Amino acid sequence: MVSKLGEMLVKAQLITEAQLDEVMKIQRREGGKLGSIVARSGFCSDQDIVSFLGMQYGVPAADLEQWPPIDSSVIALIPRDLAQRHKVLPLQRTGNVLTLAMSDPTDIFAMDDVRFHTGYNVDPVVSSEMGLARAVEKYYGGNSAVRLADGTSGPRSQPGGGGGPMAAGTSSMEGALPFNEEDEHFDLSELEQELDADAEFDAAEDDEDSVNVGSLKRGSEDAPVVKLVNMVLIDAIKRGASDIHIEPYEKNYRIRFRIDGILLEVMRPNLKLKDPLTSRVKILAKLNIAERRLPQDGRIKLRVNMGGRQKVIDYRVSILPTLFGEKIVLRLLDSDKLMLDLTKLGFEPESLERWDRQISKPYGMVLVTGPTGSGKTNTLYSSIAKLNTVDTNIMTAEDPVEFNFPGINQVQMKEQIGLNFAAALRSFLRQDPNIILVGEIRDFETAEIAIKASLTGHLVLSTLHTNDAPSTINRLMNMGVEPFLVATSVNIICAQRLVRRLCTQCKAVDTHHQPEEALYRVGFTPEEVASGITFYKPVGCDTCNKRGYKGRVGLYEVLEMSETLKDMILTGASAIEIREQGQKEGMITLRRSGCRKVLDGVTTIEEIIRETVL
């Protein structure tokens with residue numbers, strides 16, 4: 001089968017059909033890249049191919065033979081082994097952008113790897129494979145340990161330099177997970193070479209019953225594996241990630257960070273790292289490294305020194321067996337990022353007034369609903385922080401306890417010994433509480449006890465998983481709670497979502513004309529459309545890491561129980577009828593809350609459409 005590049009070279013009349021046939025025979029016999037074989041065979045000059053590829057890919061072409069001398073500080077940004085492995089060379093740095101010579105400028109994995117190691121954005125230019133090999137040997141020195149397809153070589157492993165933004169400031173870990181600046185520049189290829197030489201990690205994947213615990217533990221304690229885990233944990237903190245996903249597949253292994261609610265791929269380690277990396281995380285989380293068939297949950301607590309200031313970071317660890325290995329998700333719990341000021345979460349003034357009025361009542365039930373990761377816990381913590389006074393006894397049942405608060409009695413659930421939400425609630429009622437927080441109402445038993453507590457002089461705050469505020473009523477009744485109990489106990493329900501904030505440093509006015517009909521369909525009123533709306537769009541700058549968004553803001557739908565709504569619940573009204581009545585009484589829906597944020601220039605239409613429905 002003729003390669004696409006070969007067809008393009010013939011079409012551009014750089015080589016003939018006969019020459020292409022000859023090159024294809026050589027490639028089938030010896031392997032290697034077609035462009036290198038064409039140049040080596042003398043059918044076309046190396047630079048002609050590079051210029052042609054530059055035009056095809058739409059990137060500049062760089063002749064490394066004619067390129068000015070590259071500064072040693074720029075070369076030091078990329079370790080030698082990484083340059084060898086991906087056939088890349090750093091040429092210059094301008095601000096936060098690193099110009100990178102590549103033989104294949106469409107290799108997104110190479111660019112992601114360089115971006116992860118250096119912390120810089122990558123601007124690719126195309127160069128010939130032979131020219132790159134010679135340049136890598138010139139700037140890194142030594143004899144090559146990697147043989148290229150055209151017979152040229154890249155350099156042998158030598159100690160590589162470090163630098164870039166990730167090296168700025170001090171970053172160290174104390175205790176069980178030591179960390180220093182050198183770890184940030186750890187070269188993944190060194191780890192892969194060590195694993196290639198170590199047959200201990202080449203156990204059959206399918207034989208789950210013959211786990212060699214000793215091998216797993218020894219592999220997890222190897223310095224390269226420790227460095228890799230350290231690097232991932234620290235980089236997640238620096239990037240402001242909320243979750244780390246470590247995912248095994250049949251032919252690859254990837255690491256993703258969730259930043260501002262969006263998953264971004266940051267790394268693709270070698271598959272050989274799967275078992276030792278998983279074991280390292282399990283050891284840190286005090287989990288059973290021999291158990292690979294059942295889900296496990298744990299916690300890692302680290303003391304980190306960043307920028308000369310010590311802080312404690314908790315990682316909530318969840319391990320789930322999948323088809324090709326164990327998937328790991330680590331949720332970062334950083335107390336510095338916990339916003340406990342209700343006025344800054346994103347409530348509209350009228351919604352916040354209703355919320356404050358109901359959480360200040362001495363008894364009743366206050367519910368927060370929404371999917372996982374929508375900020376429910378933050379809203380509840382902000383509410384009890386406001387109520388936390390010396391004359392109030394506050395008890396919480398949580399799974400897990402995410403943040404510690406002085407003056408609040410927090411209880412961690414332990415299902416394995418029978419300490420669940422229902423059992424904790426029963427004990428709470430004998431502890432003379434004023435306010436009770438239940439992490440989540442999951443079943444009828446917990447709902448029943450929570451409602452009875454709210455009817456006997458206690459303020460009960462809890463969460464549910466529903467799509468909006470009105471459907472929470474039906475959810476409780478579907479659990480088996482009687483309508484009269486729901487009507488008499490529930491004070492207020494708040495449904496919420498999180499959307500990304502536009503970066504205040506680089507957002508720009510969007511001059512694209514939006515049709516009026518489209519704006520009505522989104523949820524804007526005729527008055528708002530008629531008065532003219534200024535829309536903003538994401539641009540990208542150093543402050544937001546070129547994403548155009550920085551941070552998130554909440555959308556809130558607050559349904560306050562009125563006498564009319566209570567009567568409707570008793571007569572079996574549907575969620576749609578309850579929603580219509582709530583809107584008549586001034587409830588702002590999630591979509592309207594989003595529209596208000598767009599009008600204020602806080603977010604974009606795309607964000608509110610992604611998270612809400614009309």
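**Sheet order, helix packing and burial in a predicted model**

Ala-101 stands opposite Val-125 in strand E3. The model is predicted; local features need pLDDT of at least 70, side-chain atom pairs count only at pLDDT 80 or more, and totals for chains, interfaces and linings use all residues. Residues are numbered from 1 along each chain as its sequence is written, and side-chain values use heavy atoms, with hydrogens and water left out. Helices (H or I, at least four residues) and strands (E, at least two) are DSSP runs, numbered from the N terminus.

Strand E2 (residues 97–102) pairs with E3 in the parallel sense, over six bridges. Pairing requires that DSSP finds at least two bridges between two strands. E3 spans residues 121–126 and is mostly covered, with five of its six residues buried. Buried means under 20% relative accessible area, exposed over 50%, and partly exposed in between (1.4 Å probe, protein chains only).

Seven strands form an open sheet of mixed pairing. Their order is E15-E14-E16-E17-E13-E18-E21. Strand E15 (409–412) and strand E21 (549–560) are the edges, and each pairs on one side only. From one strand to the next, the twist averages 20°. Strand E14 (residues 394–398) joins E15 in the parallel sense through four bridges. Here Thr-396 stands opposite Gln-410 in E15.

Two helices lie across strands of this sheet. Helix H15 (residues 376–387) lies across E13 (364–369), E14, E15, E16 (435–438), E17 (459–464), E18 (490–502) and E21. Its direction is at about 170° to E17. Axes are lines fitted to C-alpha atoms, for helices over the stretch in contact, and angles run from 0 to 180 degrees between N-to-C directions. Contact means heavy atoms within 4.5 Å. Helix H24 (residues 590–599) lies across E18 and E21, at about 140° to E21.

Helix H14 (residues 349–359) has Ser-351, Leu-352, Arg-354, Trp-355, Gln-358 and Ile-359 as its buried residues. Seen down the axis of H14, these fall within an arc of 160°, so they line one face of the helix. The arc is that of the directions from the helix axis to the C-beta atoms. The face of H14 turned away from the buried side carries the exposed residues Pro-349 and Glu-353. Cover for the buried residues of H14 includes E13, H15, E17, E18 and E21.

Helix H18 (residues 470–479) packs with helix H23 (residues 575–584) at about 145°. Their axes are 8 Å apart. The crossing of H18 and H23 is right-handed; that is, the near helix is turned clockwise from the far one by less than a right angle. Pro-470, Ser-471, Ile-473 and Asn-474 in H18 meet Ala-575, Ile-578 and Arg-579 in H23. The contact residues divide into four nonpolar, two polar and one charged.

Helix H22 (residues 563–570) has Leu-565, Met-568 and Ile-569 buried. They cover an arc of only 100° around the axis, which puts them on the same side of H22. H18, helix H19 (483–489), E21 and H23 are included in what covers them. Just after H22, Gly-572 takes a positive phi of about 80°.

Helix H13 (residues 274–284) is largely enclosed by the rest of the structure, because ten of its eleven residues are buried. Among them are Lys-274, Asp-275, Arg-280 and Lys-282.

How values were computed
Nonpolar A, V, L, I, M, F, W, Y, C, P; charged D, E, K, R; others polar.
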